[in-house]
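Visitor: Hello! I am new to reading protein structures. Could you walk me through one?

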Amino acid sequence: VESTQSTGDLPVFGRIDVNPERVKEMRKRAKEVMNHQIKTAEQKKLFKDTEKQEAVKFEVDMLSRAKTETRDDCYRKYLIRKSVQENLEKSWTTQHQLKMSRDHAELTHRRKPGLQLLDQCDKYKRCNQCKKCCNNTGTSNILEGE
């Protein structure tokens, strides 16, 4: 059982090819592979750097928008609070002026000279409730008859 055929006087395995052109070609191919790998690594690095810069730019834009929106929201809330405060102050001022005018009217009504109680009694001849004369000055009717 002969499994190997001989191809002349050249050995099949373990043959070292030291042909200068072949070595030159192998080196050239190795350099091409190395240059291709370096280019690929640089492209990957450049791609990653570009992606990272785009991500940073996106985040900066997003933070800037968020900051602007927050500032605008705060300003709107400030305007609403200011408007509410101004309306309350106007309402309070109006209510205070109404109260002061009512108080002034009441005070002038109190100070208005009116009839004294005894002067009011002169208008009426007799009391409606007890039918007595309203001009009773505290004198006794008992002494009058003597």
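Guide: Gladly! A salt bridge here means a side-chain nitrogen of Lys or Arg within 4 Å of a carboxyl oxygen of Asp or Glu. Lys99 and Asp103 form one, with their closest N and O atoms 3.0 Å apart. Keep in mind that this is a predicted model.

Visitor: What is the general idea behind such pairs?

Guide: Side chains of opposite charge can pair when their charged atoms come close. A search of the whole structure finds 4 salt bridges.

Visitor: Where do Lys99 and Asp103 lie?

Guide: Both are in helix H1, 4 residues apart, which is about one turn of the helix. Glu25 and Arg29 also lie in helix H1 with a spacing of 4 residues, and they form a salt bridge whose closest N and O atoms are 3.0 Å apart.

Visitor: How far apart are N and O in the salt bridge of Arg110 and Glu106?

Guide: The distance there is 2.6 Å. These two residues of helix H1 are separated by about one helical turn because they are 4 residues apart.

Visitor: Is Arg110 buried or exposed?

Guide: Exposed means over 50% relative accessible area. Arg110 has 62%, so it counts as exposed.

Visitor: Which residues form a nonpolar patch on the surface?

Guide: Ile80, Val84, Leu88 and Trp92 do, with about 420 Å² of accessible area together. Leu88 belongs to helix H1, residues 20–111, and counts as partly exposed because its relative accessibility is 39%.

Methods:
Residues are numbered from 1 along each chain as its sequence is written. This is a predicted model: local features need pLDDT of at least 70, side-chain atom pairs count only at pLDDT 80 or more; totals for chains, interfaces and linings use all residues. Side-chain values use heavy atoms; hydrogens and water are left out. Patches are made of residues with over 30% relative accessible area and no salt bridge: like charges are joined within 9 Å, nonpolar side chains (Val, Leu, Ile, Met, Phe, Trp, Tyr) within 5 Å. Accessible areas come from the Shrake-Rupley method with a 1.4 Å probe; for residues, only the protein chains shown count as cover. Buried means under 20% relative accessible area, exposed over 50%, partly exposed in between (1.4 Å probe, protein chains only).
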